Amino acid sequence: MTEQEIFQLCDRVRETSFALHCFLKHGLKEKIYENGLAHRLTKQGYAVTQQGQLQVFDEDDFLLGNLEMDLVVENELIIELKAVKNLTNEHVAQLLGYLRATRKEHGLLINFGNPKLQIKKYVLSKDL
């Protein structure tokens, strides 16, 4: 996926998340937002893996195990969802850890638990 395509995908996820948040508001369990976002993105034609297993490798390519991501879109974008009052450094560290472990570059951290939808995009260079 080109850089322009990934940015377009991120914009579409942001728009879809905002529409879902406007409809459901805040205060529900994380799984409800996860299901809603997966459903809406799938309806738009995106390949969405929900609670999918991604392999984690050591630096010598030895398989260490699997991680379960909330959502992976088009096998390129990891989405970590939260339904908390405010995002914390631990939430950021979790997403960055997923990106490093799976060698993916792009991730979104989305919090539906605040009255104002919170979305943060992270890019982790493959060189790190």
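Predicted model: local features only at pLDDT ≥ 70, side-chain atom pairs only at ≥ 80, totals over all residues.

Reader: How many bridges join E6 to E7, and do they run parallel or antiparallel?

Author: Strand E6 (residues 106-111) and strand E7 (residues 118-123) run antiparallel and are joined by six bridges; two strands count as paired if DSSP finds at least two bridges between them. Isoleucine 110 has isoleucine 119 in E7 as its bridge partner, and the hairpin that joins E6 to E7 passes through six residues.

Reader: What about E5, how does that one run against E6?

Author: Strand E5 (residues 77-82) runs parallel to E6, again with six bridges, and glutamate 80 has leucine 109 in E6 as its bridge partner. E5, helix H3 (residues 89-102) and E6 make a right-handed β-α-β unit, where right-handed means that, with the strands pointing away from the viewer, the path from the first strand over the helix to the second runs clockwise.

Reader: Why is E6 described as largely enclosed?

Author: Six of the six residues of E6 are buried, so the rest of the structure largely encloses this strand; buried means under 20% relative accessible area, exposed over 50%, and partly exposed in between, with a 1.4 Å probe and protein chains only. His106, Leu108 and Ile110 point one way from E6, while Gly107, Leu109 and Asn111 point the other way.

Reader: Zooming out, what is the order of the strands in the sheet?

Author: The order is E1-E4-E5-E6-E7, in an open sheet of five strands with mixed pairing. Strand E1 (48-50) and E7 are the edge strands, each pairing on one side only.

Reader: Which strands does H1 touch when it packs on that sheet?

Author: H1 touches E4, E5, E6 and E7, and its direction makes about 10° with that of E6. Contact here means heavy atoms within 4.5 Å, while axes are lines fitted to C-alpha atoms, for helices over the stretch in contact, with angles running from 0 to 180 degrees between N-to-C directions. H3 lies across E5, E6 and E7, and runs at about 155° to E5.

Reader: Staying with H1, which residues are buried there?

Author: The buried residues of H1 are Ile6, Leu9, Cys10, Val13, Thr16, Ser17, Leu20 and His21. Seen down the axis of H1, they fall within an arc of 140°, so they line one face of the helix; the arc is that of the directions from the helix axis to the C-beta atoms. On the other side of H1, Gln4, Phe18 and Phe23 are exposed.

Reader: New topic: where is glutamate 34 found, and what is it in contact with?

Author: Glutamate 34 is found in helix H2, and, leaving aside its neighbours within four places in sequence, it is in contact with Gln50, Gln51, Asp70, Leu71 and Leu81.

Reader: Why does glutamate 34 count as buried?

Author: Its relative accessibility is 1%, so glutamate 34 counts as buried. Tyr33, Gly36, Leu37, Ala38 and Leu41 are among the other buried residues of H2, and the buried residues of this helix pack against H1, E1, E4, E5 and E6.

Reader: And what comes just after H2?

Author: Just after H2 there is glycine 45, which takes a positive phi of about 95°.

Definitions and conventions
Residues numbered from 1 in each chain as written. Heavy atoms only, no water. Helix = DSSP H or I, 4+ residues; strand = E, 2+ residues; numbered from the N terminus.
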